[in-house]
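Here is a short walk through one structure.

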Amino acid sequence: MTEQLEFLGIDSVTIVVPVGSGGTIAGLITGWTYALETVGRAPPIAVEIVGVCVSRPPEELRDSIESIVRDCGTSAAEGVLRPTASRCHWRLVDGRGAGFGMADIHDLELVEEIGRQTRFLADITYNGKALRWLRESAKQLSGAIVYWHTGGALGVVDRISDRSADWEAARIEEFNQ
Ligand SMILES: Cc1ncc(COP(=O)(O)O)c(C=O)c1O
């Protein structure tokens, strides 16, 4: 990512990522705070990582994320990792909305709209919630924005197959009437 940002001449970026247990964001924070010895000069990119909590209130997650980052960072003392010159800030926001794994009509409309316009698939549980937060909050963010997509393809398949099951059931009912 640093190489791509450098290539594009970007020196300030907000990264938005969904947060469940916090492992993914902890990896991102660690990656921006430390670098492998083998990686060359770390570019002085100003980074803010925004974790959109989809399952638990942000205040329940901060300590465990900090502890994962600290544990990963201890390798720095052993010379495997070294602090980078990047400035990395991070914060957590509440993106639970209708509840973990629950979607309201706006969540459903958003993932459908994104899928139609970009062919970019988003599951409801994680990426749908984080993208909704991003859409509602993008105006408050400055600099370049990177959305860190965490996958979730199985969640998409699940939703689509549920929808086609409903669709089929409705057709059968229509046929029987
Ligand atoms: C698609 C997807 N995105 C995000 C997450 C959350 O990741 P983490 O638990 O590392 O915060 C999960 C967790 O299961 C997931 O399945």
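Look at Thr24 first: an N or O atom of its side chain sits 2.7 Å from an oxygen atom of the ligand. That pair is a polar contact, meaning N or O atoms within 3.5 Å; within protein, one must be able to donate a hydrogen and the other to accept it, and residues adjacent in sequence count only if both atoms are side-chain atoms. This is a predicted model, where local features need pLDDT of at least 70, side-chain atom pairs count only at pLDDT 80 or more, and totals for chains, interfaces and linings use all residues. Residues are numbered from 1 along each chain as its sequence is written, and side-chain values use heavy atoms, without hydrogens and water.

Tyr126 also reaches a ligand oxygen atom, with a polar side-chain atom 3.3 Å away. On its own, the ligand has 390 Å² of accessible area, and the protein covers 73% of that (Shrake-Rupley method, 1.4 Å probe; for residues, only the protein chains shown count as cover).

Now turn to Asp107. It lies in helix α4, residues 105-118 (helices are DSSP runs of H or I, at least four residues, numbered from the N terminus). Is Asp107 buried or exposed? Asp107 counts as buried because its relative accessibility is 3%, and buried means under 20% relative accessible area with a 1.4 Å probe, protein chains only. Its side chain joins that of Arg132 in a polar contact of 3.0 Å.

Methods. Helices (H or I, at least four residues) and strands (E, at least two) are DSSP runs, numbered from the N terminus. Buried means under 20% relative accessible area, exposed over 50%, partly exposed in between (1.4 Å probe, protein chains only).
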